[in-house]
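Dear colleague,

Please find below the structure that I am handing over to you. My notes on what was found in it follow directly after.

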Amino acid sequence: MGLGEHVRYQTSFTDSARWDGFVFRPGDIVISTPAKCGTTWLQMICALEIFKSATFDRPLDQISPWLDVLLRPLTGVLADLEAQAHRRFIKTHTPLDGLPFDDRVTYLCASRDPRDVAMSLDSHTSNTDRAVSLALREDAVGAVVLDELLAAAPSPPSGTARERFWSWVNPAAPGKTVSDLEIMLHHLDTFWQVRDQPNIVLLRYEDLLDDLEGQMRYIAARLGIAITETAWPDLVQAATFAVMKGRAGELAPEASHDGFYHDPSQFFHSGSTGQWRQVLNEEELPRYAARVAECAPADLAAWIHRPALPAAGNL
């Protein structure tokens, strides 16, 4: 059962090896998305559909923990998951080739236009307190190999918004952070290559925006969850951007850590598409398309980008 040995993905704040100590149950759900592609949205949808309620007894990041982030001791995270009696749904930003694969588990992944991902990530980075994150990491796992990992990681993005965008598209040290264009497209490709398997659910952020109820009904059907017709309006309303933003203190990832965000509500920054047009003009699109072509097969790139990208130009 599975896809064979998996790759270890490790950054200064994440380590996919933490999955090695996790024991799956039949019916478990793994939400594996590239960063800023609607991870929290999918967690919220799963919570709403599993509990059939818009209110929860704990913050979302405690109900659906990010297993491979190094901000909580692994023993505590595993104990919390073991104690859960409800159907479990676990967050990760690890690609499918870095995860244990179990036929009894459903794996959810969502894509998003990478240009919007870059914009959303830029907002997220400026809203988090790095000193708090480093302190949480040291408390959780100690400082072992941290200096080495930090030294290998690229410097925090700087310069203008356009310069930061291009540093995400074509970083000086690719593959050394949680997110850059190559990492994102590789993540999606690991799902794209097995998208026809019955326990793989591949979604688009833009489709969730365009038809939230339809997508929620599709997800419920794929998860085998029956929901009465009278319950749908309240569940769909609870998953809207405006309502989730208003509940940022209990829904934003890692918001249960004091001081993690400068403003938790800013995590739900825009919830829209096309933000990239603020920093990228039409003349630069062939350059972007050329980089995409280096990182992803043409059919995947076409599925992610609608309308289609222009012909690739020179980098």
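Pro307 is found in the segment after α15. The model is a predicted one, and in it the peptide bond that leads from Arg306 to Pro307 is cis, with omega near 5°.

**Nonpolar cores**

The largest nonpolar core has 44 residues, and those with the most contacts inside it are Trp19, Leu96, Tyr107, Phe165 and Trp168. At least two residues of this core are supplied by each of several elements, among them α3 (74-83), β3 (106-111), α4 (114-127), α7 and α8. β4 (200-204), α14 (285-295) and α15 (298-304) likewise each supply at least two. The largest share, six residues, comes from α8. There is also a second, separate core of 34 residues, which includes Ile45, Cys46, Ile50 and Ala110.

In helix α7 (residues 161-169), the buried residues are Phe165, Trp166, Trp168 and Val169. These residues lie on the same side of α7 because they cover an arc of only 155° around the axis. As a general point, an α-helix has 3.6 residues a turn, so residues three or four places apart point the same way. Two of the buried residues of α7, Phe165 and Trp168, are also listed among the residues with the most contacts inside the largest core.

Val178 lies in the loop between α7 and α8. Val178 counts as partly exposed because its relative accessibility is 30%. Setting aside residues up to four places away in sequence, Val178 touches Thr11, Thr14, Ala35, His93 and Ile183. The C-alpha atoms of Val178 and Gln10 are separated by 8.7 Å, although the two residues are 168 residues apart along the chain.

**Thr190 in helix α8**

Helix α8 (residues 181-192) contains Thr190. With a relative accessibility of 12%, Thr190 counts as buried. A polar atom of the Thr190 side chain lies 2.6 Å from the backbone oxygen of His187. Leaving out residues up to four places away in sequence, Thr190 touches Pro95, Leu96 and Asp97; of these, Leu96 is also named among the residues with the most contacts inside the largest core.

**Packing of α1 against α10**

Helix α1 (residues 39-51) packs with helix α10 (residues 212-223) at an angle of about 65°, and their axes are 11 Å apart. The crossing in which α1 passes α10 is right-handed. On the α1 side, the residues that meet α10 are Trp41, Leu42, Ile45, Cys46, Leu48 and Glu49. Their partners in α10 are Leu212, Met216, Arg217, Ile219, Ala220 and Leu223. Ile45 and Cys46 also belong to the second core.

Lys36 lies in the loop between β1 (29-32) and α1, and its phi is near 65°, a positive value in a residue other than glycine. Lys36 counts as buried, at 13% relative accessibility. Lys52 lies in the loop between α1 and α2 (60-63). Phi of Lys52 is near 55°, again positive in a residue other than glycine. Lys52 is partly exposed, with a relative accessible area of 45%.

**A buried glutamate**

Glu254 has its place in the loop between α13 (248-251) and α14. Glu254 is buried, its relative accessible area being 2%. Trp66 is 188 residues apart from Glu254 along the chain, and the C-alpha atoms of the two are separated by 8.6 Å.

With kind regards

Note on methods:
Residues numbered from 1 in each chain as written. Predicted model: local features only at pLDDT ≥ 70, side-chain atom pairs only at ≥ 80, totals over all residues. Heavy atoms only, no water. Buried < 20%, exposed > 50% of the residue type's maximum accessible area, 1.4 Å probe, protein only. Helix = DSSP H or I, 4+ residues; strand = E, 2+ residues; numbered from the N terminus. Arc of directions from axis to C-beta. Polar contact = N/O pair within 3.5 Å; in protein donor to acceptor, adjacent residues only side chain to side chain. Contact = heavy atoms within 4.5 Å. Core = buried A, V, L, I, M, F, W, Y, C linked by side-chain atoms within 4.5 Å. Axes fitted to C-alpha atoms, helices over the stretch in contact; angles between N-to-C directions. Left-handed = near helix turned anticlockwise from the far one by under 90°.
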